[in-house]
Amino acid sequence: MSDPTDVINCNEFMLQQLQNLLSQYGLKIEKISADEAIPGSFFGEREAGLIGNKLIVRSDTPVHSVLHEAGHYICMDPERRANLHTDAEGDYDEENGVCYLQILLAGHIQQMGRARMLRDMDRWGYSFRLGSAKAWFEQDADDARQWLQHFNIIDSEQQLTGLVRNR
């Protein structure tokens, strides 16, 4: 089922969609050429980089990677955000919150949506104990949802608040 070549990448349309969505969180997207290494990329090749409030991408960077790194920026505490360079760190609960948030964010990206995000996460090789991102999101992610609500990143209706974690 894993096929990292069969995911939606950062074409110009997607970059515009991402910038429109993520600018409310103070994030900026910087596109670099296809032959450059991505600065600030924790996982390297193709994966989005994160330095401060800047997401660094190439045209072959998957949208799921951009939204995952954006999720880290949104979900981390202000102290870590102030010194952010490459490694978002974070604990288990935050990582779950980030995965849940990237799925919610994808629902606001035309030609992506939640269903495609879940598919792309599985294609890329995200690992969930119920076997798929969809099963996790629908059946096993209450803790992630509650964590995001606790930090006012989403509301009780699972709607984005447009706020970053402030404590």
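1. At 22% relative accessibility, G52 counts as partly exposed, and this glycine is found in the loop between β2 (49-51) and β3. The model discussed here is a predicted one, and the remarks that follow should be read with that in mind. Once its neighbours within four places in sequence are left aside, G52 is in contact with Y73 and L84. A further relation across the chain concerns T86, whose C-alpha atom is separated from that of G52 by 8.7 Å, although the two residues are 34 residues apart along the chain.

2. The nonpolar interior deserves a point of its own. In soluble globular proteins, nonpolar side chains tend to be buried together. In this model the largest nonpolar core has 50 residues, and those with the most contacts inside it are L18, L22, L67, Y100 and W136. At least two residues of this core are supplied by each of α1 (12-22), β3 (54-57), α2 (63-75), α4, α5, α6 and α7, and the largest share, 8 residues, comes from α4.

3. L18, listed among the core residues with the most contacts, can be followed in more detail. Apart from neighbours within four places in sequence, L18 is in contact with C10, I29, V63, V66, L67 and I109; L67 is itself another of the residues with the most contacts inside the core.

4. The packing of helix α4 (residues 92-106) against helix α7 (residues 142-150) may be checked directly in the coordinates, since their axes come within 8 Å and cross at roughly 90°, which makes α4 roughly perpendicular to α7. On the α4 side the contact is made by D93, E94, N96, G97, Y100 and L101, and on the α7 side by D143, A144, R145, W147 and L148. Sorted by class, this contact has 5 nonpolar, 2 polar and 4 charged residues.

5. Charged pairs form the next topic. Side chains of opposite charge can pair when their charged atoms come close. The count for this model comes to 15 salt bridges, and one of the pairs is R116 with D120, where the closest N and O atoms are 2.6 Å apart. Because R116 and D120 are 4 residues apart in helix α5 (residues 113-124), they are separated by about one helical turn.

6. The side chains of R129 and D140 meet at 2.8 Å, N to O; R129 lies in the loop between α5 and α6 (133-139) and D140 in the loop between α6 and α7, so the pair ties together parts that are 11 residues apart in sequence. R129 is exposed, with a relative accessible area of 64%. In the other pair, the side chains of K134 and E138 meet in a salt bridge at 3.1 Å, N to O, and both residues lie in helix α6, 4 residues apart, about one turn of the helix. K134 is partly exposed, with a relative accessible area of 43%.

Definitions and conventions:
Residues are numbered from 1 along each chain as its sequence is written. This is a predicted model: local features need pLDDT of at least 70, side-chain atom pairs count only at pLDDT 80 or more; totals for chains, interfaces and linings use all residues. Side-chain values use heavy atoms; hydrogens and water are left out. Axes are lines fitted to C-alpha atoms, for helices over the stretch in contact, and angles run from 0 to 180 degrees between N-to-C directions. Angles under 35 degrees count as roughly parallel, over 145 as roughly antiparallel, 65 to 115 as roughly perpendicular and the rest as oblique. Contact means heavy atoms within 4.5 Å. Ala, Val, Leu, Ile, Met, Phe, Trp, Tyr, Cys and Pro count as nonpolar, Asp, Glu, Lys and Arg as charged, and the others, Gly among them, as polar. A salt bridge is a side-chain nitrogen of Lys or Arg within 4 Å of a carboxyl oxygen of Asp or Glu. Buried means under 20% relative accessible area, exposed over 50%, partly exposed in between (1.4 Å probe, protein chains only). A nonpolar core is a set of buried Ala, Val, Leu, Ile, Met, Phe, Trp, Tyr and Cys residues joined through side-chain atoms within 4.5 Å.
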